[in-house]
Amino acid sequence: MTDSMPLLSVDGVSVTFGGIVALDGLTFGVERGQIAGLIGPNGAGKTTLFNVISRLYEPTSGNITFDGHDLLTVPAHRIAKVGIARTFQNLALWPGLNVLENVMVGAHSRTRMGFVRSTLRLGSRKEERSLRDESYQLLHELDLGEHAFRPAAGLPFGTLKRIEIARALAARPKFLILDEPASGLTHSEVAELAEQIRLLRVRYNLTVLLVEHHMAMVMSISDKVVVLDFGKKIADGRPPIVQNDPAVIEAYLGAPETETRRG
């Protein structure tokens, strides 16, 4: 599944907020077709990196290359067009729309019509029907079909997290960024999600970058794991190697996940 050049290359990326260093010279790559886990104690810089990749933050220094192109020249509103989609640690769904409509928002990012024109009925009805059918199929593939016409507001948190994944997939990304997708799920649901991510990777020819606090899940599905602590990379490699790295063990023992730090 790999190519000679990583799909995503992060090279010396630093981010500072005033005097606080959130990322410090971070360098790593994600090969095409990989599932890569990004882990570290709270405040290690994981979400900061996600926000840089999705162009919500500008790095203080460094470069990011995606699919051979300079990602830092891409504005945030065009990130879906280059093939990147993401979910969020805190839900970013539209509570006033039903589940199917929320998924269709993701699909509209790759059309000429756009979501606003669609809601005003200014686009092609044929294109709209096609997007609706595709989005409905995605919901069924994620076992969410029964919720398609229900309002997003009021559904269980774990269900809403899976709806976010469906919406991200509706954009037909090459690269899927998952920010704590197992948050709010039961133990059995976490295991089901892990298997689902594996299947989606193959079905949609995806490369995945995953942040998740369920370590068993990360280690079971990741081809490689990158570990951050205080914005620096302290380990990078296959899960068995990373799990036994003394620096990784020290970081987790020395900085419990309940401790509050920035990033």
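**Before you start.** This is a predicted model, in which local features need pLDDT of at least 70 and side-chain atom pairs count only at pLDDT 80 or more, while totals for chains, interfaces and linings use all residues. Residues are numbered from 1 along each chain as its sequence is written, and side-chain values use heavy atoms, with hydrogens and water left out.

Stop 1: Select the six strands that form an open sheet in the order 6-7-8-3-9-10, with mixed pairing. Helices (H or I, at least four residues) and strands (E, at least two) are DSSP runs, numbered from the N terminus. Two strands pair if DSSP finds at least two bridges between them. Strand 6 (84-86) and strand 10 (232-237) are the edges, each pairing on one side only. Now zoom in on strand 9 (224-229), which runs antiparallel to strand 10 over five bridges. Leu-228 stands opposite Lys-233 of strand 10.

**Stop 2: helices on the sheet.** Contact means heavy atoms within 4.5 Å. Next, show helix 5, which also packs on the sheet, touching strand 6 and strand 7.

**Stop 3: helix 6.** Select residues 187-203, the 17 residues of helix 6. Which of its residues are buried? They are Val-190, Leu-193, Ala-194, Gln-196, Ile-197, Leu-200 and Arg-201. Buried means under 20% relative accessible area, exposed over 50%, and partly exposed in between (1.4 Å probe, protein chains only). Look down the axis of helix 6: the buried residues fall within an arc of 165°, so they line one face. That arc is taken from the directions from the helix axis to the C-beta atoms. Turn to the face away from the buried side to find exposed Glu-192 and Val-202. The cover over the buried residues includes strand 3 (35-39), helix 4 (125-141) and helix 7 (215-221). After the helix comes Asn-205, with a positive phi near 55°.

**Stop 4: the cores.** A nonpolar core is a set of buried Ala, Val, Leu, Ile, Met, Phe, Trp, Tyr and Cys residues joined through side-chain atoms within 4.5 Å. Select Leu-139, Ile-163, Leu-169, Leu-176 and Met-217, which touch the most other members of the largest core, of 46 residues. Helix 5 supplies the largest share of this core, seven residues. Finish on the other core, which lies apart and has 30 residues, among them Val-13, Val-15, Leu-71 and Val-74.

Notes:
The expected span of a helix is 1.5 Å times one less than its number of residues. Axes are lines fitted to C-alpha atoms, for helices over the stretch in contact, and angles run from 0 to 180 degrees between N-to-C directions.
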